[in-house]
Amino acid sequence: MSESSESFGLRRRDIVAAILAKRGDALVIGGLGSAAWDITAAGDSPLNFPLWGAMGGTVAIALGLAIAQPGRRVLALSGDGDLLMGIGSLATVAVQAPGNLAIVALDNERYGETGMQETATASGVDLTGIARACGFPIVATIREEAEFAAALPRIRGAAGPCFFTIKVRAEKLPLVLPPKDGTELKQRFRRALLGAS
Amino acid sequence: MSEATTWPDDIFRVLRAADIRQVAYVPDAGHTRLINLCRADKFIRAVGLTTEEEGVALLAGAWLGGQRGALLMQSSGVGNCINMLSLITQCRFPLLTLVTMRGQWGEFNPWQVPMGQNSGEQLRLAGTLVYPVDEAQRIGETVEQAARLAFEGGISVAVLIAQRIIGSKTFGKSEQ
């Protein structure tokens, strides 16, 4: 296609740090691989649920959570590879239409954990267009700093479901790993949210 | 046809009593009545899926948010779930799955046979406890015990409802 994603201006760690800097009481699902490391680099929290696997499941997990917790903002941050694998979930979300859910695609057009192979978005597949066609009321593709600054309040609070594709640079970054034990991740989340075990 | 037509109502009563709040499904003719009951109920959110593995992930999210759910599918959907069941076993999420079986009993479509004959074993290999039922009057109690196991124990439990109970459908496709 056109420009290689290795020269995109926006950097994923800056983007995620900015989104989570004023997260309030938002509940955050991080898709496997880079997005999970990104949310951890921004500051681990018991209200983060980073995925070490379950590829293709990020959006559906966030949907179940958003339905269960309609009063809380739910942010699903994930990569283009994960979102493509579970692309049907965008149809499922659009039908359920949870107003409290925002999905952020950190789209570097690469499978970042496996050798930076190109995903379909590198050949022009448009995740935002898919979300729009599914019926998401708020969608945008963001490439520039100013666009991101303008979108930030909507990511955090607009009545959705919202879908934002943020085109981010393809780059290898230091791993910042969350806890690996799934039961710990689950239990700490439920304790922080529900006060239950 | 069915040896008893009340078993979907039995399941529905059990799901309501177990405080199931999200019911995710890929339709099957055998689940039609239960799906309709769930869709009409104001306490249950019925979520139609594009593929069964979405439901596995959805109900993990529901549990994170404090709600219980149930996943409905036919046996051909089991294969779609296998990798996503890693999420359930690694995190010890509870999962209640109700599978209507195809490819077992007077099946007219041989393409249903590979999953219909093997889905129980595949679920077991993926860490799910499997309870086959082939008598309509036992379905309610089986789902009740499966729900208790799942939600009290943080375990993935599937109830396999035999095709003999559902009836082997023809291409005429009855509504229920």
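A: Just after α2(A), the residue A:G43 takes a positive phi of about 125 degrees. This value, like every other one here, is computed from a predicted model. The buried residues are A:S34, A:A35, A:A36, A:W37, A:D38, A:I39 and A:A41.

Chain A contains 8 helices and 8 strands. Its radius of gyration is 15 Å, close to the 16 Å that the globule rule gives for 197 residues, so chain A is as compact as a globular protein of that length. Along the principal axes, the C-alpha atoms of chain A fill a box of roughly 50 × 35 × 30 Å. Of its 197 residues, 49% count as buried. Among contacts in chain A between residues at least 6 apart in sequence, 74% join residues at least 24 apart.

Two packed helices are described by the angle between their axes and the distance between the axes. Within chain A, the axes of α3(A) (residues 58-68) and α5(A) (residues 88-96) come within 9 Å and cross at roughly 15 degrees. Angles under 35 degrees count as roughly parallel, and α3(A) and α5(A) are therefore roughly parallel to each other. The crossing of these two helices is left-handed. On the side of α3(A), the residues A:V59, A:A60, A:L63 and A:I67 meet A:S89, A:L90, A:T92, A:V93 and A:Q96 of α5(A). By class, this contact has 6 nonpolar, 3 polar and no charged residues.

The second packing joins the two chains. The axes of α3(A) and α3(B) lie 6 Å apart, at an angle of about 40 degrees. That angle makes α3(A) oblique to α3(B), and the crossing is right-handed. The residues from α3(A) are A:A60, A:I61, A:A62, A:L63, A:G64, A:L65, A:I67 and A:A68, and those from α3(B) are B:E54, B:A57, B:L58, B:L59, B:A60, B:G61, B:A62 and B:L64. This contact has 13 nonpolar, 2 polar and 1 charged residues.

The contact of the two chains as a whole takes 29 residues from chain A and 27 residues from chain B. On the side of chain B, the elements that give two or more residues are β2 (45-48), α3 (52-64) and α4 (85-91). Of these, α3(B) gives the most, with 9 residues. By class, this side of chain B has 12 nonpolar, 11 polar and 4 charged residues.

B:M115 lies in helix α5 (residues 113-125) of chain B. It counts as buried because it has 20 C-beta neighbours inside 10 Å. Apart from its neighbours within four places in sequence, B:M115 is in contact with B:S75, B:S76, B:V78, B:G79 and B:G103. The C-alpha atoms of B:M115 and B:Q104, which are 11 residues apart along the chain, are separated by 9.6 Å.

Key: Residues are numbered from 1 along each chain as its sequence is written. Chains are lettered from A and ligands numbered from 1 in the order in which they are written. This is a predicted model: local features need pLDDT of at least 70, side-chain atom pairs count only at pLDDT 80 or more; totals for chains, interfaces and linings use all residues. Helices (H or I, at least four residues) and strands (E, at least two) are DSSP runs, numbered from the N terminus. The radius of gyration is taken over C-alpha atoms; the globule rule is 2.2 Å times the number of residues to the power 0.38. A residue is buried if 20 or more other C-beta atoms lie within 10 Å of its own, exposed if 12 or fewer, and partly exposed in between; C-beta atoms are placed from the backbone. Two residues are in contact if their C-beta atoms, placed from the backbone, lie within 7 Å. Ala, Val, Leu, Ile, Met, Phe, Trp, Tyr, Cys and Pro count as nonpolar, Asp, Glu, Lys and Arg as charged, and the others, Gly among them, as polar. Axes are lines fitted to C-alpha atoms, for helices over the stretch in contact, and angles run from 0 to 180 degrees between N-to-C directions. Angles under 35 degrees count as roughly parallel, over 145 as roughly antiparallel, 65 to 115 as roughly perpendicular and the rest as oblique. A crossing is left-handed if the near helix is turned anticlockwise from the far one by less than a right angle, and right-handed if clockwise.
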